[in-house]
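Here is a short tour of one protein model, written for someone who likes to check things against coordinates. Keep the viewer open as you read.

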Amino acid sequence: DRRYTVEEIADHRYRSWFGDKFDLAWFKKNSLLTWPRKAEEIYWDPHVKARIPVYYEHFLAMRDGVEAVKAETGLFADLDSSDYQPIPDWKPCPSYTESREEYDLYAVYFRVPFHSFTLTGNDAWVDEVSTIDPYTNGININSATARRKDVKEGDWIELQSAANGETVRGRAHLTEAIHPEVVAVSGHGGHWAKALPLASMPGKGVAFDRLLPIDFDHVDTPSFNLDLCAKVKVSKVAGP
């Protein structure tokens, strides 16, 4: 019968998890609640006695449901439901069918253990670690590929997507730890909101999603995750 404040919601949540003693006031005073944990609580995977399904028959029912919604509403006519299948197989995404010679590299993204997706880019300590690690904020490119394109360590380069023509820029990091046909970026960066003064600075990574259009051709329809790669061409540029 009323609107709850954020603090009231947090207080209810903490007390529902840990008991009335550990309310929001307790956490404001003590910060952390710790307790001794058994090895099987921390490393629980080997202790779970469960079978792993190989044949996902429930995907067939999901496909029927999707088709029923499409028929009833007339929406999502271009959504291909063939991926709702019990056993997965490989289908080429649009990047694998791109044949224009200038788009000769595949852009992929990876994750680093000290970032939580795109949520931690403005954390000053994590930003410091990211600056120290040469792979995190730059665009990683194979050394031989970089030499072929006259790109040196620390040069500003631009990636242009074959899928939508969008571009992102970052500093090149030359490495032997990547395939010659691939450039890779950490999935944490590329912020532009000025309310994130650290994360939005030039050279703090690039937004991989910018290289992909948001449409049914570039997502995995059962999960709606975006494609994991984009065909790009690389150009050396003057700056951010």
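Is serine 31 buried or exposed, and why? This is a predicted model, and in it serine 31 has a relative accessibility of 53%. Exposed means over 50%, so serine 31 counts as exposed. Serine 31 sits in the loop that runs between α2 (24–30) and α3 (39–42). Its backbone deserves a look too: phi of serine 31 is near 70°, which is a positive value in a residue other than glycine. As background, most residues other than glycine have a negative phi.

Phenylalanine 224 also has a positive phi, near 60°, and again the residue is not glycine. You will find phenylalanine 224 in the loop between β6 (219–220) and β7 (225–226). At 46% relative accessibility it counts as partly exposed, because that class covers values between 20% and 50%.

Helix α1 covers residues 6–18, 13 residues in total. From its first C-alpha to its last it reaches 18 Å, close to the 18 Å expected at 1.5 Å a residue. Just after α1 comes glycine 19, with a positive phi of about 105°.

Helix α4 (residues 58–73) has 16 residues and reaches 23 Å between its first and last C-alpha, close to the expected 22 Å. Glycine 74 follows α4, and its phi is positive, near 75°.

Lysine 70 belongs to helix α4. Its relative accessibility is 15%, and since buried means under 20%, lysine 70 counts as buried. Which residues is lysine 70 in contact with, leaving aside its neighbours within four places in sequence? They are Leu75, Phe76, Ala77 and Leu79.

Serine 143 lies in helix α7, which spans residues 143–148. With 10% relative accessibility, serine 143 counts as buried as well. Not counting residues up to four places away in sequence, serine 143 touches Leu174, Thr175 and Glu176.

## The barrel

Next, the strands. Six of them form a closed barrel in the order β1-β5-β2-β4-β3-β8, with mixed pairing. From one strand to the next, the twist averages 45°. In general, strands of a sheet pair through backbone hydrogen bonds, either parallel or antiparallel.

How do strands β3 and β4 run, parallel or antiparallel? Strand β3 (residues 156–161) and strand β4 (residues 167–175) run antiparallel, and 5 bridges join them. For a pair to inspect, take isoleucine 157, whose bridge partner in β4 is glycine 170.

## Pocket and cavity

The largest pocket holds about 760 Å³ of space. It is lined by 26 residues, and those closest to its centre are Asp83, Lys91, Val219, Asp220 and Asp227. Among the elements, α5 (94–97), β6 and β7 each supply at least two residues of this lining.

How many cavities of 30 Å³ or more does the structure hold? There is 1. The largest cavity has a volume of about 50 Å³. Its lining includes the histidines His115, His188 and His191, the glycines Gly121, Gly189 and Gly190, and also Asp127 and Lys204. Ser130, Asn137, Leu198 and Ala199 line the largest cavity too.

Technical notes. Residues numbered from 1 in each chain as written. Predicted model: local features only at pLDDT ≥ 70, side-chain atom pairs only at ≥ 80, totals over all residues. Heavy atoms only, no water. Helix = DSSP H or I, 4+ residues; strand = E, 2+ residues; numbered from the N terminus. Buried < 20%, exposed > 50% of the residue type's maximum accessible area, 1.4 Å probe, protein only. Contact = heavy atoms within 4.5 Å. Expected span 1.5 Å × (residues − 1). Pairing = 2+ DSSP bridges. Axes fitted to C-alpha atoms, helices over the stretch in contact; angles between N-to-C directions. 1 Å grid on protein atoms, 1.4 Å probe; cavity = no way out; pocket = protein on both sides within 12 Å on 5 of 7 lines; lining within 4 Å. Points joined across faces, edges and corners; volume = space filled by probe spheres on them.
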